[in-house]
Amino acid sequence: MLRVAVPNKGTLAEPAAQMLREAGYRQRRDPKDLVCRDEANEVEFFYLRPKDIATYVGSGDLDLGITGRDLLVDSGAPAEEVLDLAFGGATFRFAARPGTVADEKELGGHRIATAYPGVLRRYLDEHGLTADVIRLDGAVENAVRLGVADVVADVVSTGATLRQAGLEIIGEPLLRSSAIMVRRIAATGCPPADQMLRRLQGVLVARRYVMLTYDVPAGLLDRASALTPGIESPTVSPLHREGWVAVQAMVKRDDVHRMMDELYDLGARAILVTNLHACRL
């Protein structure tokens with residue numbers, strides 16, 4: 001039976017469970033449950049602290065796990081990212097008092113406070129910098145004001161909290177994170193795991209695309225198909241009305257209204273959009 005780790009709480013928990021449901025897997029009904037067995041799909045889900053998931057997967061005790069890219073890097077576990085799940089986005093930035101550090105190249109020799117020392121140390125090593133890493137569990141933005149650190153490295157959304165603490169963002173992000181599926185490094189082939197990854201990829205595609213159908217004069221088919229090429233090519237069927245065809249194609253959700261306007265101006269009619277729930281490409 002495939003053993004999979006899922007976040008038990010926090011911002012990743014419910015989106016992860018919802019994505020697994022959309023992929024056809026059973027999930028726990030009671031948030032206090034620590035284990036959920038999906039007998040039909042031969043999968044056992046374990047609900048764990050997001051920070052611990054990469055460790056369990058890296059040790060080989062679990063086959064797959066959903067966690068954050070930041071948490072994987074911070075753990076140092078021998079696990080690797082195999083699929084970006086496109087939710088739970090976070091950006092890690094440096095910040096300091098205005099005028100004290102010009103950019104990230106000047107971080108060397110400073111005291112840097114963070115709740116993610118593994119992420120910070122990897123960045124420093126990759127850029128050949130040496131700094132004093134100070135680990136804090138929270139309220140990192142106060143470290144400079146309290147004299148504990150010169151610089152902070154933390155998750156930044158709008159930057160409002162940092163500005164309230166008298167800090168400004170320095171340079172480029174040190175990490176862009178999101179929810180990911182992880183597997184132990186050098187893990188051998190596992191058909192149930194591969195099947196889960198295919199299902200989740202299908203959910204990702206279904207969330208990004210919709211099915212667009214419309215009727216168009218046959219003489220305009222080439223121009224209409226150029227607007228909606230589909231994944232491989234559009235599906236075209238003759239209509240009972242002579243000289244007209246029905247076209248069906250997958251298009252990106254973000255572009256669909258623009259495409260509908262352009263198709264209507266071209267001469268297409270009966271333009272319909274249908275949501276996708278899952279797919280295999």
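Trainee: What makes a set of residues such as F94, L107, I112, V151 and V152 part of a nonpolar core?
Mentor: A nonpolar core is a set of buried Ala, Val, Leu, Ile, Met, Phe, Trp, Tyr and Cys residues joined through side-chain atoms within 4.5 Å. Buried means under 20% relative accessible area, exposed means over 50%, and partly exposed lies in between (1.4 Å probe, protein chains only). The largest core here has 33 residues, and the five you named touch the most other members. Before we go on, please remember that this is a predicted model, where local features need pLDDT of at least 70, side-chain atom pairs count only at pLDDT 80 or more, and totals for chains, interfaces and linings use all residues. Residues are numbered from 1 along each chain as its sequence is written, and side-chain values use heavy atoms, with hydrogens and water left out.

Trainee: Which elements supply at least two residues of this core?
Mentor: They are α3, β6, β7, α4, β8, β9 and β10. Those labels are DSSP runs numbered from the N terminus: helices are H or I with at least four residues, strands are E with at least two. A second, separate core has 27 residues, among them V43, L83, M181 and L197.

Trainee: What does V151 touch, leaving out residues up to four places away in sequence?
Mentor: Contact means heavy atoms within 4.5 Å. By that rule, the partners of V151 include F94, L107, I112, V144 and I170.

Trainee: How do you know that D38 is buried?
Mentor: Its relative accessibility is 4%, and the cut-off is under 20%, so D38 counts as buried. D38 belongs to strand β2. Apart from neighbours within four places in sequence, D38 is in contact with G24, Y25, R26, V43 and F45.

Trainee: Why are the buried residues of α2 said to line one face of the helix?
Mentor: The buried ones are P50, I53, A54, V57 and G58. Seen down the axis, they fall within an arc of 120 degrees, so they line one face of α2. The arc is that of the directions from the helix axis to the C-beta atoms.

Trainee: What puts the buried residues of α1 on the same side?
Mentor: In α1, the buried residues are A13, A16, A17, M19 and L20. Their arc is only 160 degrees around the axis, which puts them on the same side of α1. They pack against β1, β3, β4 and α6.

Trainee: Why is β4 called mostly covered?
Mentor: Five of its five residues are buried. L64, I66 and G68 are buried on one side, and G65 and T67 on the other.

Trainee: What makes β4 and β11 a pair of strands?
Mentor: Two strands pair if DSSP finds at least two bridges between them. β4 and β11 have five, and they run antiparallel, with L64 opposite R183. β1 and β4 have two bridges and pair in the parallel sense, with A5 standing opposite G65. Further along, nine bridges join the antiparallel strands β12 and β14.

Trainee: Why is A139 called partly exposed?
Mentor: The relative accessible area of A139 is 45%, which lies between the 20% and 50% limits, so A139 counts as partly exposed. A139 is in the loop between β8 and β9. Its phi is positive, about 50 degrees, although A139 is not a glycine. In general, most residues other than glycine have a negative phi.

Trainee: How do you know how confident the predictor is?
Mentor: pLDDT is the predictor's confidence in each residue, from 0 to 100. The mean for the protein is 94, and 100% of the residues reach 70 or more.
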